[in-house]
Amino acid sequence: MTIQEIERVLDEKVRPELALHEGNIKVVKLEGDVLHVRMEGHCSNCPSAELTLEQTVNTALQEAFPDLREVVLVTGVSDELIADMREILKRRHEK
């Protein structure tokens with residue numbers, strides 16, 4: 001099981017469902033048999049994100065990869081967002 005294989009399954013079975021709600025999913029990392037993902041778009045702040053993870057994401061990925069032990073939902077502010085905000089604040093301060 002590779003990230004490329006996981007991305008293929010997400011593209012085929014998960015992302016079309018999430019797109020109906022203007023959402024998406026991003027693979028953060030794969031550590032052994034544990035996949036870490038982040039919900040994006042409207043799905044990122046959705047109170048049903050955990051339910052979506054269990055019913056849609058886990059189902060599709062467990063069918064494709066029986067060795068996958070767990071899919072973990074990463075919440076909070078991403079490192080990319082923090083870096084973007086620092087850059088915006090830096091530019092603002094320079095004006």
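In which sense do β1 and β2 pair, and over how many bridges? They pair in the antiparallel sense, over 8 bridges, and the views below start from there. This is a predicted model, in which local features need pLDDT of at least 70 and side-chain atom pairs count only at pLDDT 80 or more, while totals for chains, interfaces and linings use all residues. Residues are numbered from 1 along each chain as its sequence is written, and side-chain values use heavy atoms, with hydrogens and water left out.

**View 1. The whole chain has 3 helices and 3 strands.** Starting at the N terminus, the order of elements is α-β-β-α-β-α. Helices (H or I, at least four residues) and strands (E, at least two) are DSSP runs, numbered from the N terminus. The C-alpha trace spans about 55 × 30 × 20 Å along its principal axes. Of the 95 residues, 28% are buried; here buried means under 20% relative accessible area, exposed over 50%, and partly exposed in between, with a 1.4 Å probe and protein chains only.

**View 2. The hairpin of β1 and β2 has 2 residues between its strands.** Gly32 in this hairpin takes a positive phi near 65°. Among the facing residues, Leu30 has Leu35 of β2 as its bridge partner, and Val27 stands opposite Val37, also in β2. Two strands count as paired if DSSP finds at least two bridges between them.

**View 3. The open sheet takes its 3 strands in the order β1-β2-β3, with mixed pairing.** The edge strands, each pairing on one side only, are β1 (23-31) and β3 (70-73). On average, neighbouring strands are turned by 30° against each other, direction ignored. Strand β2 (residues 34-41) joins β3 in the parallel sense over 4 bridges. Here Leu35 stands opposite Val71 of β3, and Val34 has Glu70 as its bridge partner in β3. Why is β2 described as largely enclosed by the rest of the structure? Because 6 of its 8 residues are buried.

View 4. Axes are lines fitted to C-alpha atoms, for helices over the stretch in contact, and angles run from 0 to 180 degrees between N-to-C directions.

**View 5. Asn58 sits in helix α2.** This asparagine counts as buried because its relative accessibility is 18%. Leaving out residues up to four places away in sequence, Asn58 touches Leu53 and Val71, where contact means heavy atoms within 4.5 Å.

**View 6. Glu22 lies in the loop between α1 and β1.** Although Glu22 is not a glycine, its phi is positive, at about 60°. Is this residue buried or exposed? With 56% relative accessibility, Glu22 counts as exposed.
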